[in-house]
Amino acid sequence: MQTQSHTNSYYAASVGDKTDFAPLRGEQRADICVIGAGFTGISTALHLAERGYNVHVIESNRVGWGASGRNGGQMIGGIAGENHVAKHYGKDVEDLFGDLRWAGHDIIRKRVQQYGIQCDLKSGYLDVAIKQRHLRDIEANYERLANADFPHEIRVLSKNETSELIGTDVYIGSFLNMGNGHLHPLKLCVGEARAAVLEGATIYEQSPVIDIEHGRKVRVVTEKGAVTADTVVIAGNAYHALERKLRGIMFPVKSFIIATERLSKSIVNRINPQDLAICDPNFVLKYYRLSADKRLLFGGRINYFGEDPEFIKRKLRQKMLSIYPVLESVGIDYAWGGTIGVPITRVPQLGRVASNVFYCQGYSGHGVNVTHLAGQIMADAVAGTMEQFDLFANVKPFSVPGAQRFQKPMVALGILYYQIKDRL
Ligand SMILES: Cc1cc2nc3c(=O)[nH]c(=O)nc-3n(C[C@H](O)[C@H](O)[C@H](O)COP(=O)(O)OP(=O)(O)OC[C@H]3O[C@@H](n4cnc5c(N)ncnc54)[C@H](O)[C@@H]3O)c2cc1C
């Protein structure tokens with residue numbers, strides 16, 4: 001099986017600390033074996049290692065190679081599909097989840113401080129409105145957070161205030177939330193991997209898992225070795241293709257990002273002087289922010305399954321210029337894509353394929369926050385505390401017949417459906 005190095009992203013070029021953990025060789029023994037070294041896998045491993053478990057993490061490629069090292073870096077509160085879960089239990093979202101909706105942020109902030117992880121973490125986030133119904137959602141969100149004594153600054157901004165803040169008049173209002181923020185996701189993932197190793201975890205890179213042998217002990221097999229563990233956590237998300245029971249319950253949806261060349265001070269002051277992460281509310285959405293070295297990182301979904309940077313640049317540049325024509329003469333240095341796991345109900349999928357084999361996947365576009373919460377929940381579950389795990393596991397995922405075989409046309413149709421819905 002072929003292993004891969006990082007995609008040619010701004011993040012890979014600026015990560016500084018490049019991991020080079022040895023591949024798995026020979027027979028190894030662990031309490032817990034985690035498959036996949038993205039945020040889910042690394043976060044779970046770090047929680048477990050901190051509690052004294054002997055954890056081994058096996059990664060096909062490199063730490064953060066998947067969505068975790070390629071994403072928009074937007075630290076967004078809330079859990080995708082939370083309304084569906086609340087409906088399942090017949091409860092209000094706030095009553096059911098409470099602080100859990102922001103728990104991932106707290107875990108990230110604590111780890112950044114505790115382990116001295118340099119990942120360009122910043123506070124400040126703007127949800128922008130395109131249609132009247134978005135303004136109504138913003139008002140409702142504001143009320144909800146204000147009533148719950150949200151501990152960070154929140155403000156509803158008018159069209160003019162929004163335009164002054166982010167130098168574009170394409171939005172009709174916005175919601176400023178200083179509890180959300182943004183960061184360099186690959187630096188965070190690598191920093192957490194280093195912390196996990198410091199706490200005693202073992203990480204293997206360039207070691208695709210090719211088989212999971214179930215039993216009282218589980219043997220996780222790669223080409224040149226195996227880890228036998230009491231418990232396994234599958235954290236391969238949209239890149240995992242091994243376990244049959246996980247097929248067809250989640251769609252792999254591509255999202256793409258371009259990074260401009262460094263912007264001049266005057267452009268930065270014009271388009272985002274407060275260094276906020278910005279996101280629109282559409283399903284086929286646009287999201288953008290500045291990097292620490294003042295590039296615009298601009299992301300969005302396009303109906304494309306390839307990796308050609310020139311194609312991605314062309315498509316996303318058009319979208320970027322529709323918001324910021326002032327960037328017409330600014331060059332694009334990087335373009336890349338990655339795959340997001342999107343369940344039909346949008347509810348993150350936490351469950352088991354056997355009594356001692358857990359899985360955790362499908363956060364849609366909210367993975368930075370929710371993977372960190374999920375890591376904690378998985379560590380609790382492995383240690384025998386099931387309450388939060390069951391909250392999600394009891395909401396059974398929908399499975400779509402033929403989803404595996406007809407993935408691309410189904411995803412393309414889905415995107416078209418949501419594009420039309422976004423326009424209504
Ligand atoms: C372009 C893009 C932009 C995004 N923007 C944002 C954003 O701004 N904010 C936000 O909150 N979320 C965002 N997301 C979503 C977020 O990145 C994901 O939800 C999150 O990173 C998922 O983490 P993960 O660890 O579950 O999966 P991944 O990071 O995809 O990691 C899975 C890992 O498992 C490994 N693996 C799979 N199969 C095997 C195997 N058989 N053997 C060994 N290893 C295996 C893979 O190699 C991979 O490294 C974005 C995603 C993309 C792609």
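Predicted model: local features only at pLDDT ≥ 70, side-chain atom pairs only at ≥ 80, totals over all residues.

Biologist: How many helices and strands does the chain have?

Modeller: The chain has 13 helices and 17 strands. Both are DSSP runs numbered from the N terminus: helices are H or I with at least four residues, strands are E with at least two.

Biologist: What is the radius of gyration of the chain?

Modeller: It is 21 Å, close to the 22 Å that the globule rule gives for 424 residues, so the chain is as compact as a globular protein of that length. The radius is taken over C-alpha atoms, and the rule is 2.2 Å times the number of residues to the power 0.38. Along the principal axes, the C-alpha atoms fill a box of roughly 60 × 50 × 45 Å.

Biologist: What share of the residues is buried?

Modeller: Buried residues are 58% of the 424. Buried means under 20% relative accessible area, exposed means over 50%, and partly exposed is in between (1.4 Å probe, protein chains only).

Biologist: What about contacts along the chain?

Modeller: Of the contacts with a separation of 6 or more, 75% are between residues 24 or more positions apart. Contact means heavy atoms within 4.5 Å.

Biologist: On to helices. At what angle do α5 and α11 cross?

Modeller: Roughly 85°, and their axes come within 7 Å. Helix α5 covers residues 103-114 and α11 covers residues 367-382. That makes α5 roughly perpendicular to α11. Angles of 65 to 115 degrees get that label; under 35 is roughly parallel, over 145 roughly antiparallel, and the rest oblique. Axes are lines fitted to C-alpha atoms, for helices over the stretch in contact, and angles run from 0 to 180 degrees between N-to-C directions.

Biologist: Which residues make that contact?

Modeller: From α5, Ala103, Gly104, His105, Ile107, Ile108 and Arg111. From α11, Val368, Asn369, His372, Leu373 and Gln376. They divide into five nonpolar, five polar and one charged. Nonpolar covers Ala, Val, Leu, Ile, Met, Phe, Trp, Tyr, Cys and Pro; charged covers Asp, Glu, Lys and Arg; the others, Gly among them, are polar.

Biologist: New topic. Is Tyr359 buried or exposed?

Modeller: Tyr359 counts as buried, at 9% relative accessibility. Tyr359 sits in strand β17, residues 357-361. Leaving out residues up to four places away in sequence, Tyr359 touches Ile234, Leu246, Met378 and Pro397, among others.

Biologist: And Thr345, what does it touch?

Modeller: With that sequence cut-off of up to four places, Thr345 touches Gly81, His84 and Phe398. Thr345 is in the loop between β15 (332-343) and β16 (349-354). Its relative accessibility is 12%, so Thr345 counts as buried.

Biologist: Where is there a positive phi in a residue other than glycine?

Modeller: Gln206 has one, near 50°. Asp275 has one too, near 55°. Most residues other than glycine have a negative phi.

Biologist: Where do those two sit?

Modeller: Gln206 is in the loop between β7 (202-204) and β8 (209-213), and counts as partly exposed at 30% relative accessibility. Asp275 is in the loop between α9 (265-271) and β12 (277-279), and counts as buried at 8%.

Biologist: Last one. Where is Glu164?

Modeller: In helix α7, residues 159-166. Glu164 counts as exposed, at 68% relative accessibility. Glu164 and Arg270 are 106 residues apart along the chain, with their C-alpha atoms separated by 8.4 Å.

Terms used
Residues numbered from 1 in each chain as written. Heavy atoms only, no water.
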